[in-house]
Amino acid sequence: MEAVGAGLVDCHCHLSAPDFDQDLDHVLQKARKANFVALGAVAEHRGEFEKIMELSKRYSGFILPCLGVHPVQGLLLQDQRSVTLKVGLDFSPRFANTDEKKEEQRQVLISQVQLAKRLNLPLNVHSRSAGRPTINLLLEQGADKVLLHAFDGRPSVAMEGVRAGYFFSIPPSIIRSGQKQKLVKQLPLTSLCLETDSPALGPEKQVRNEPQNISVSAEYIALVKGISVGEVIEVTTQNACKLFPKLQQLLQK
């Protein structure tokens with residue numbers, strides 16, 4: 001599969017966040033100038049669904065909707081408008097300080113994986129402090145179209161996902177994250193995608209992240225792999241198109 005114009009794809013960003021309410025047009029103009037071809041706008045909760053759908057209509061073919069919920073919300077989505085389904089586990093103490101809460105999240109994720117299989121949608125997976133439990137559950141449930149965003153587990157665990165054909169997206173915070181750096185060193189380029197998780201996970205702490213900062217991810221991956229930034233962009237965009245068939249269809253129009 002050939003990359004479409006070797007443009008950039010941000011597989012996971014939160015454009016519906018209040019942080020972008022005042023200047024989203026300008027943020028997207030900068031993204032277009034930076035050679036973006038698509039951005040996956042991810043929801044945190046159901047209250048963002050219609051806002052994301054409105055953005056995907058206003059910026060048709062550029063902003064792609066990724067509807068779903070944070071793991072603790074336990075809401076099932078049945079919406080064919082979505083390009084991908086945002087799901088996952090979050091075992092950080094804030095959200096899962098007991099085994100019972102972890103099991104509740106597991107049951108929700110099992111239901112979401114099965115729903116994604118019925119709708120033939122890829123999964124955009126959140127796995128904070130739950131790398132191995134998430135990978136294990138996805139494998140147990142037979143998930144086959146998976147993007148693990150900002151994965152914070154061990155590279156050896158991630159490699160289990162690689163062997164299953166899963167993809168891992170890398171945010172600009174890699175330049176200040178030893179864990180992400182180790183991940184990129186071990187994972188093959190053919191399993192990597194790019195993301196920003198805007199407005200979070202930017203190159204600087206406590207500074208709003210934007211899609212244009214995805215260049216930081218691409219440049220760092222190129223440095224680690226000893227290849228050109230252009231090759232990183234080409235391969236990661238190919239990977240995004242393999243994972244998200246609707247993206248491939250849009251880019252071919």
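Trainee: How many of the six residues in strand β5 (residues 123-128) are buried?
Mentor: This is a predicted model, where local features need pLDDT of at least 70, side-chain atom pairs count only at pLDDT 80 or more, and totals for chains, interfaces and linings use all residues. Residues are numbered from 1 along each chain as its sequence is written, and side-chain values use heavy atoms, with hydrogens and water left out. Strands are DSSP runs of E (at least two residues) and helices runs of H or I (at least four), numbered from the N terminus. Strand β5 is mostly covered; with buried meaning under 20% relative accessible area, exposed over 50% and partly exposed in between (1.4 Å probe, protein chains only), the number buried is five.

Trainee: In which sense do β5 and strand β6 (residues 146-149) pair, parallel or antiparallel?
Mentor: Two strands pair if DSSP finds at least two bridges between them, and β5 and β6 have three. One of these joins L123 to V146 in β6. The sense of the pairing is parallel.

Trainee: Which strand gives the largest share of the lining of the largest pocket?
Mentor: The largest pocket holds about 440 Å³ of space, a volume being the space filled by probe spheres set on grid points joined across faces, edges and corners. A pocket is an open set of points on a 1 Å grid over the protein atoms alone, where a 1.4 Å probe fits, with protein on both sides within 12 Å along at least five of seven lines; lining residues have an atom within 4 Å of a point. Of its 23 lining residues, H126, R128, H149, D197 and A200 are closest to the centre. The largest share, three residues, comes from β5.

Trainee: What is the angle between the planes of F151 and F168?
Mentor: A search of the whole structure finds one aromatic pair; rings of Phe, Tyr and Trp (its six-membered ring) pair if their centres lie within 6.5 Å, and planes under 30 degrees apart count as stacked, over 60 as edge-to-face and the rest as tilted. F151 and F168 are 5.3 Å apart, centre to centre, and edge-to-face. F151 is buried at 1% relative accessible area, and F168 is buried at 0%. The angle between their planes is 80 degrees.
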